[in-house]
Amino acid sequence: MDATMAVKPTTAVKTKPKRNVRNRILKNRYIYLMILPGLIYFVLFKYIPMVGLAISFEDFQPYRGMFGGPWVGFEYFHQLFTDPAFWMILKNTLILFGLNLLIFFPIPIVLALMLNEIKVQFFKRSVQTIIYIPYFMSWVIVVSITYVLLTTDDGIINGILVELGHQKINFLLSTSWFRPIYVLQNIWQGAGWGTIIYLAAITSIDPGLYEAAKMDGASRLRQIWHITLPAIRSVIVILLILKIGQVLDLGYEHVYLMLNSMNRSVAEIIDTYVYTAGLQEGQWSYSTAIGFFKSLIGLILVMGANWLAKKVGEEGVY
Amino acid sequence: MNGKCKRFLMSSFTVAVGVGVLTACSSTSSSTPGGQSGKPINLTIMADLKSPGTPGDTVIKQIEQKTGYNLTIQWVPDGNYDEKFNAAMATQSLPQAVFVKNTDSYSKLRDPIANGQFWEIGPYLKDFPNLSKLDPTVIQNTEVNGKIYGLYQEVALSRQGIIYRQDWLNKLGLQPPKTIDDLYKMLDAFTNNDPDGDGKKDTVGLTDRNDLVYGSFQTVSSYFGTPDNWGLQNGKLVPMFMSPQYMDTMNFMKKLYTNGVINQDFPVTSKVDQQNMLVNGKAGVYIGSITDVKNLNTKLRQVNPNGQLWVANRIAGPDGKDHGIWSVPGYGTVVLFPKSSIKDVNQLKQVLGFFDDLMKPDIYDLLAFGIEGTHYTLDNGTAKPVSDQALLDREVAPLGTISVGGISTIQGALQPYRTDPADIEANKLVLDNNKDLINDPTAPLDSKTNDQKGAQLKKIITDATYQYMINKLDANGFQAAVSQWQQQGGDQIISEFNDEYQKLKTK
Amino acid sequence: MLRDRSVASLIFEIVNYTLLSIIALLTLLPFVHVIAASFTTNAELATKTFVLIPTRYTLSAYKYIFSTDEVTRSLLVSIGITAVGTFVSMLLSCLMAYGLSRKDLYGRGVILFLVIFTMLFQAGMIPTFLVVKDLGMIDSYWSLIIPGAISAFNLIILKNFFQSLPEGLEESAKIDGCSDFGILFKIVIPLSLPAIATISLFYAVNYWNTYFNAILYLNDASKWPVQVILRQIVVLASGLDFNNSALTDTVPPPDQTVKMAVIVVATVPVLLVYPFLQKYFTKGALLGSIKG
């Protein structure tokens, strides 16, 4: 009797949060039902195939099957960190990533704010439709147009420079022009497309706020600063965190097409290196190991950014 | 997944063992090539699509009728061929016969081949009347560990040479180039003596592109006597870029660049832009594949009806001697037979029977020219294509990639009809090249390091070569790049090739 | 004071309109070049590298493209894949995003983290191929839809939009006897039309641009979507070969005009989608509907 008395309260204490959890789950059972198809999707097509990362720890060859090669532990990571090209590639990757984040990322926001101030609907819609066209030009086309514009053999830009009495600039053979060209191409191709999401966020702003601001005599720039920007701040933060996670995706194809014997010292990045090592040379395990390392950097950056976002009172992505 | 993968591995293992047993048992069974048993045999082939679209089944139907096989062709776009090939190989989903994309891709398959992923076909070739006619020296170049696994598709040994503006040459009163000095004089005159007669200095001699091999460089290097990829120095194999002639070639190209007689962006120029410069009259010389002259002449005349291109070769080096011309190992690709989809020797022989049929002259004609009356007409024993170019591009052009052998191994096949004298001359020169070849001594040799790292290492040299040619690197810098190549694995490649070479010599 | 402000406002307007016009022009010109090049002759394209107004018009490039039904058929495939795929993706994404937008959901943070994780650690090509193969989707159109049905990026954005709806909305709907599914389909989705339109557009464009999965999973070339053919022609005509082999000289590459024409044919249909979606991007749509 005493014993049961002694036991009971403890079990009660233990089960209380459990029941709480069960209640919370039961209450939302239909919500879980909604999430279920998505969860199955992520497990089936993302998590199960992720076992493929294991090949960075084995001597993998496609014909041996997924786990047919001998295990080599961290050998490929060791190879990576002692690869003479590694630090150069890492540096190039991070620089392009930084440029993307600092220069490219804010431009769609500015463009969306500018578009939002346009009152003539026809003009607004036309500009919107036009600036998102480049998104549909594949990199092959963007790069070939860039070459036509920039070549010293009859290129249009150099033609203009000569007309203006300048020297020709050898854009394509120089290492210093690669990064500006890369960022400009990104902006040209993606800035218009990037506005869509901000424009969607802006639609949720109550027009009454602007009316009130006008009454108070706030200038247009002030209205943008105090009404529009705060309203889309959370979208900006979310996108920023997600973009940081895409430190991986600098556009393998884009860089690969721009890469040549003249600019390799600044243009070779992790993505292009993985492609050459993996597909062109069949170093599957090594290229997977590089990819693994890149993912780790991405994970650290995202977790850091998310932590920071929460710290300043934003919601973060998880 | 783990379980699934294990199961998958187990099954492929049992298949491999089973196949081994079956091979042992059935080695005496008679061959049953297709078409004779009456019932059509189903055959699936994976092939490289190098044309804008797939060919449809007009010609395929005829081939099926003539061979008695029921064909399914899995066309894969050229740009992603290797990705598809590897994914299918890793998941044991390759069909019964697979074409390899090119010789580079083939060298990466040496390991899976040596590990028994594909059937060895050497012992059966003699049973097939046409396959047995394949050239033994070319076959030797495709061997892996001394065994034959693939049927090869023939390419001309060397198409390299010079294409130039004949009308410009005549206008400036020059003679066709015979020596490397003539070549330079022609390039210089095409740049500085106003060959197009518009009073403006708006032309350049040579148009080149971002390709050291199939662009100008390697061909010019042959004129200087540089070996083809690898050469012998004191009885030892060394890579071409360690030869003094390679340096001579780089200096020549550097002179072209410094004196402005080559397009200034050549290290980054694409093939399309390179050819455009020739077509639109900005450049007068193109060095590379001389059979391009037919296509280039047609395009040039659309822009300038008086334009005329001509071809030249056998350019003597600075020492006045003709050093020959570099060549490829005689095959463009091979077709392999995966063990995952062909279960026993009988099946293998059935599949081989189809490719034996493909080497019959009438079927080869179907692949090369299409159907008589629909796609070509006979003109003096040559196949004259019909004028509907779109029809030919669509229904005939893609099929070339599934052929095996070629004109030198298939007797009685039709010759193509040629009208453009420059085209006829170019094809004459290609045949003439056969008497004047520089061969790559490593073609039949195997180096594991080269298969694994060769391409990555080669970039060091390619980059340095271009940088040297445009004055961004001096001779010491180039030597440093070569040492870098040696340290990062090049020395190993050298010793592996030399070991193999000694073995082959003593054999 | 008032005049100052209107002058400042005027300057703002002028600068804004001018800048946007210049930007629009810069983005439009290369596309105009592509269209112009598709209607001109090869000879003109060879002499003038950047054509904006062709001096000689011809439809020969388009005739060449449509000389077989291959492009037409592939366009139909792409339209089908895009329509069905976008629907499937939106359905799955809306369900999951709404679920994850509920802050009282137990395990929400973990699930969200797991979703983000898939953006960083990507699945390998070969194991994904095995999953698709084991599900029997090789050579099926579903292989172009199911393996990429949910984009983690789109899911998070959608969740964020759902979360920005006024909090009281669900409570009051529940009191009115709405089920969770009812709330999602009758209240949340109709109130989030700008977001729904945006994410649908993202998915649609993704499906429209599919080519790699098609090459990987479809052995039957007659099932290819238009981007496979577009890419094939562009890669061949640009003379770039990703693996740098050049033994293919025997077959001349397709004409540059054909390349431009196929870009136009494969791009214009998807460009037409956006103007139709624009009506969902009107200001105050959300508040209007709540008040109404």
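The model is predicted: local features need pLDDT of at least 70 and side-chain atom pairs count only at pLDDT 80 or more, while totals for chains, interfaces and linings use all residues. Residues are numbered from 1 along each chain as its sequence is written, and chains are lettered from A and ligands numbered from 1 in the order in which they are written.

**Stop 1: the domains of chain B**

Colour chain B by domain: domain 1 covers 25-155 + 331-413, domain 2 covers 159-326 + 416-442, and domain 3 covers 445-507. These bounds come from an automatic or database domain assignment. Between the C-alpha centres of domain 1 and domain 2 of chain B the separation is 34 Å.

**Stop 2: the five-stranded sheet**

Select β1, β2, β3, β4 and β12 of chain B. Helices (H or I, at least four residues) and strands (E, at least two) are DSSP runs numbered from the N terminus, and two strands pair if DSSP finds at least two bridges between them. The five strands make an open sheet of mixed pairing, in the order β2-β1-β3-β12-β4. Each of β2 and β4 of chain B has a single partner strand and stands at an edge, so one side of each is left without a neighbour in the sheet. From one strand to the next, the twist averages 20°. Axes here are lines fitted to C-alpha atoms, for helices over the stretch in contact, and angles run from 0 to 180 degrees between N-to-C directions.

Contact requires that the C-beta atoms of two residues, placed from the backbone, lie within 7 Å.

Strand β3 (residues 97-99) of chain B runs antiparallel to β12 and is joined to it by two bridges. B:Val98 has B:Leu336 as its bridge partner, and B:Phe99 has B:Val335. On β4(B), the pairing with β12(B) is also antiparallel, over four bridges; here B:Glu154 is partnered by B:Tyr331. Six of the six residues of β12(B) are buried, a residue being buried if 20 or more other C-beta atoms lie within 10 Å of its own, exposed if 12 or fewer, and partly exposed in between, with C-beta atoms placed from the backbone.

**Stop 3: B:Leu157**

Follow the chain from β4 (151-154) towards β5 (160-165) of chain B, and stop at B:Leu157 in the loop between them. Is B:Leu157 buried or exposed? B:Leu157 is buried, because 20 other C-beta atoms lie within 10 Å. Leaving aside neighbours within four places in sequence, its contacts are B:Ser327, B:Val328, B:Gly330, B:Asn433, B:Asn434 and B:Leu437. B:Trp326 is 169 residues from B:Leu157 in sequence, yet 8.5 Å away in space, C-alpha to C-alpha.

**Stop 4: the four-stranded sheet**

Select β5, β6, β9 and β10 of chain B, which form an open, mixed sheet in the order β6-β9-β5-β10. At its edges stand β6 (204-207) and β10 (309-312) of chain B, each with a single partner strand, so one side of each is left without a neighbour in the sheet. The twist here averages 25° from one strand to the next. Strand β9 (residues 283-289) of chain B is joined to β5(B) by five bridges, and the two run antiparallel; B:Ile163 stands opposite B:Tyr286. Helix α8 (residues 180-192) of chain B packs on the sheet, touching β5, β6 and β9 of chain B, at about 125° to β6(B). Show α12(B) as well: this helix lies across β5 and β10 of chain B and runs at about 155° to β10(B).

**Stop 5: the contacts between chains**

Display chains B and C together; their contact takes 44 residues from chain B and 40 residues from chain C. Among the elements giving two or more residues to the chain B side are α11 (271-279) and α12 (293-303) of chain B.

Then display chains C and A, whose contact takes 75 residues from chain C and 70 residues from chain A. Helix α1 (residues 2-38) of chain C gives the most to the chain C side, with 13 residues.

**Stop 6: helix α13 of chain C**

Finally, select α13 (residues 256-271) of chain C, where twelve of 16 residues are buried. Among them are C:Gln256, C:Lys259 and C:Val270.
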